[in-house]
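Student: I am new to this structure and would be grateful for a close look at a single part of it. Please begin with a loop and then describe what surrounds that loop.

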Amino acid sequence: MRKPAKPLVPSDPTLVFFDKHDVMAAKAVATGTANPEQQKRFFDLVVYKLSDIRRPSFRPGGSDAARATDYAEGRRSVGIHVAGMINMNSRDIEKLETPNG
């Protein structure tokens, strides 16, 4: 008897659901062939869906939820860093070190 196939989309609520357009946008960004729409879609996927910066990272539940809070804070920190780079003013950009230089 065959085992049932595993679902393609995980049922874990901490994981993000994405569609084929999100995947195609990610592939296009990775290969340097993304059009403006794909670039925006990928940005939104990373900053808003994957990192979940619009939602507080605290998860209620006392010590049982501490790991969930830690995990959510790790996700959120990625989006905050990306958003920080985008909002950085030109004076602060000039202060950054460049590789090999």
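Tutor: Helices are DSSP runs of H or I with at least four residues, strands are runs of E with at least two, and both are numbered from the N terminus. The model is predicted, and local features need pLDDT of at least 70, side-chain atom pairs count only at pLDDT 80 or more, and totals for chains, interfaces and linings use all residues. Residues are numbered from 1 along each chain as its sequence is written, and side-chain values use heavy atoms, with hydrogens and water left out.

Asp52 belongs to the loop between H2 and H3. Although Asp52 is not a glycine, its phi is positive, at about 60°. Ile53 is also placed in the loop between H2 and H3. Apart from its neighbours within four places in sequence, Ile53 is in contact (heavy atoms within 4.5 Å) with Val47, Tyr48, Arg76, Gly79 and Ile80. Ile53 and Arg75 are 22 residues apart in sequence, and their C-alpha atoms are 8.1 Å apart in space.

Thr69, Ala72, Arg75, Gly79 and Ala83 are the buried residues of H3. Here buried means under 20% relative accessible area, exposed over 50%, and partly exposed in between, with a 1.4 Å probe and protein chains only. Seen down the axis of H3, the buried residues fall within an arc of 135°, taken from the directions from the helix axis to the C-beta atoms, so they line one face of the helix. Arg67, Asp70, His81 and Met85 are exposed on the other side of H3.

Helix H2 is included in what covers the buried residues of H3. H2 (residues 36–50) also packs with H1 (residues 20–31), at an angle of about 110° and with the axes 8 Å apart. Since 65 to 115 degrees counts as roughly perpendicular, H1 is roughly perpendicular to H2. The axes are lines fitted to C-alpha atoms over the stretch in contact, and angles run from 0 to 180 degrees between N-to-C directions.

Technical notes: Parallel < 35°, antiparallel > 145°, perpendicular 65-115°, else oblique.
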